[in-house]
Amino acid sequence: MFAELKEYDVKYSLKKADGDLQTALDDLLNVQYLQATGQQVEGVDGFFIADSHTKPDKKKRKGKKLALSDADPSADGAPTSPRASLETCEDSVQDEAEYIAERFGIRPDEVLPVYKKNHGSKGATVTELLGQYMSVGVETQDEHGKESAEALAKKYRHVPEEYMRTIVHVAGSIPQFADDIAALLNRHFGKQIKAHKMDLAYRLTPLPQHDIEGGEASPTIPPQTAGWAAKPACSTVTDYEEAVSRANAFDQASRHAASSAAQLQRRGACTHLYRQAASYYTDRAREQARYAQSARSTAADILVDGQSTNTCIDLHGVPVHDGVRIARQRVRDWWRGLGEVRAQRLRERGGFTIITGLGRHNAGGVSHLRQAVAAALLQDGWKLTVETGKFVVTGRQ
């Protein structure tokens, strides 16, 4: 079919197409046509561009690279030097970086490394920048922003919906910027994936026995991903060691999911499939982190219950945020339990004691738990008596 072409030309086209037969055929047909019509430029002449080749407008050449081999060798005038062509290409890269940076509200020098890393692809550059924002949970929270995100999702259907709220947030108060970013992503995700070999290996999960006619019923085992802990039922945990063990398991699962998300995000320049998987793993990491926090709070409740009475709680060994939560909750429960004759019972029983310690084992010898608990109770309007290593709540201010 390509008898007039050299073997090198065929091998080079196949290598450049990375195994994509259709792309390689198109390239070989172009080379064959140029040779047949005498338009193929060989040697150093391929780097010259005639003066009659007018320089395109700055805005129109955004996202395009000047193909030196497309120059017309028959044009009159002195050829342009390779140095001038290189400067033109650098100007184009700078323009692309400024265009993206303006819509993200960041500096161009923050965009250039990502742009060059993605080989001049605006869509891949925008995708990676958005992925960095999404990995830390940056997205619009107000109702107007959510409505704008839904409108963008309907307009640009190739873009995954999880990107839209982040797009609205980074674009700020300029709707056109959000529209421009979404349009870039829509073109990027809408292109057919080329030069990417997909792994089509998969496993089929057998049907449950009770779904097969004549099969015996078997216990259903819920599918779980390796390394992920199941959703906790912390209200049923009554042992402190078990609660701590659950919290550690959820922490480990969260770190595992976050690590997987980071690896997939780094590979996401090739195809949006990696980026979608990274987004899924990021959600799983956040979910496991919430479960870990819930398990730690349960462990704190169990620890305080074991070293407290109806009128006194001991917060030793409890994290600051859990200590503040428990102190506020127990004081409210104690106050409601006094009933209508609070003044009389306060005289008979005294106040509610909260033991925090002095913090001598902390860095600087200051108890952060003591400071936080006192600030929270005063903010809630409680009257406190400060004693050594503890507070006594004596009523409302």
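Trainee: Among contacts in the protein chain with a separation of 6 or more, what share comes from residues 24 or more positions apart?
Mentor: They account for 58%. Contact means heavy atoms within 4.5 Å.

Trainee: What sort of model is this?
Mentor: This is a predicted model, where local features need pLDDT of at least 70, side-chain atom pairs count only at pLDDT 80 or more, and totals for chains, interfaces and linings use all residues. Residues are numbered from 1 along each chain as its sequence is written, and side-chain values use heavy atoms, with hydrogens and water left out.

Trainee: How much of the chain is buried?
Mentor: Of its 397 residues, 35% are buried, meaning under 20% relative accessible area with a 1.4 Å probe, protein chains only.

Trainee: How many residues are in the largest nonpolar core?
Mentor: It has 33. Such a core is a set of buried Ala, Val, Leu, Ile, Met, Phe, Trp, Tyr and Cys residues joined through side-chain atoms within 4.5 Å. Leu 130 and Ile 167 have the most contacts inside this one.

Trainee: What does Ile 167 touch?
Mentor: Skip its neighbours within four places in sequence. Ile 167 then contacts Leu 130, Leu 152, Ala 178, Ile 181, Ala 182 and Leu 185.

Trainee: New topic. Is Asp 314 buried or exposed?
Mentor: Asp 314 is buried, yet has no salt bridge (a side-chain nitrogen of Lys or Arg within 4 Å of a carboxyl oxygen of Asp or Glu). Arg 370, the nearest side chain of opposite charge, is 11 Å away.

Trainee: Which residues does Asp 314 contact, leaving aside neighbours within four places in sequence?
Mentor: Val 304, Gln 307, Ser 308 and Ile 355.

Terms used. Buried means under 20% relative accessible area, exposed over 50%, partly exposed in between (1.4 Å probe, protein chains only). Lys and Arg count as positive and Asp and Glu as negative; His and the chain ends are not counted.
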